[in-house]
Structure formats: C-alpha cells, structure tokens
Amino acid sequence: MSNDESDLAQAFRLLSALHENITHTTRAIEKFERQRRLGSPAGPQEQLLRRELAEAHGHINRIYEWFPETRR
C-alpha cells in the first residue's frame, strides 16, 4: 500500500469514527432537549455537546477538503 493509499484509508477510518461520534452526540443532545422545558435555554452540558458536534462536523469538512474522494 502506498503512502497515498494509506493516508486515504486512515481518512476513511477517521471519518467513520467521527460519524459514530456525531450519532452518539446527537442522541445525547436530543435527550437533553426532551428533558428541558419548551423554550428554556440549553444547560452547560448540552452547550458543550453542541460545541463538540460542531467541531466534529468541522473535522469532517476538513477531511473532505484534503481527501475529496472520501465524499459519499
């Protein structure tokens, strides 16, 4: 396997892990949303999860920029 192929394989593995993290984080955010009253602001834990979710999406976008062939 060449370095390019190895890098691409690693990018796919990282994308898979990031997508799993996004699914888990989204479910946790949804749980917080169900537990708080309608119209009330998000608490600190939910805010942290939302920042983590945005960061994961940013990582995915950067991988897509570096490795366009990883887009599905």
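The model is predicted. The chain contains 2 helices and 0 strands. Its radius of gyration is 16 Å, well over the 11 Å that the globule rule gives for 72 residues, so the chain is more spread out than a compact globule. The structure holds 3 salt bridges, and salt bridges that share partners join Glu33, Arg36, Glu46 and Arg50 into one network.

**Overall form**

- Helix 1 covers residues 3–35, and helix 2 covers residues 44–66.
- Taken along the principal axes, the box filled by the C-alpha atoms is roughly 55 × 20 × 15 Å.
- Of the 72 residues in the chain, 21% are buried.

**Salt bridges between separate parts of the chain**

- Arg50 and Glu33 meet through their side chains in a salt bridge, with an N to O distance of 2.4 Å.
- Because Arg50 lies in helix 2 and Glu33 in helix 1, this pair ties together parts that are 17 residues apart in sequence.
- A salt bridge also joins the side chains of Arg36 and Glu46, at 2.9 Å from N to O.
- This second pair links distant parts of the chain, with Arg36 in the loop between helix 1 and helix 2 and Glu46 in helix 2, 10 residues apart.

- Arg50 forms a salt bridge with Glu46, and the closest N and O atoms of the two are 3.0 Å apart.
- Arg50 and Glu46 are 4 residues apart in helix 2, so about one helical turn separates them.

**Accessibility of the network residues**

- Glu46 has a relative accessibility of 2% and therefore counts as buried, the cut-off for buried being under 20%.
- Arg50 is partly exposed, because its relative accessibility is 35%.
- Glu33 likewise has a relative accessible area of 35% and is partly exposed.
- Arg36, at 27% relative accessibility, counts as partly exposed.

- The relative accessibility of Asp7 is 35%, so Asp7 counts as partly exposed.

Key: Residues numbered from 1 in each chain as written. Predicted model: local features only at pLDDT ≥ 70, side-chain atom pairs only at ≥ 80, totals over all residues. Heavy atoms only, no water. Buried < 20%, exposed > 50% of the residue type's maximum accessible area, 1.4 Å probe, protein only. Rg over C-alpha atoms; globule rule 2.2 N^0.38 Å. Salt bridge = Lys/Arg side-chain N within 4 Å of Asp/Glu carboxyl O.
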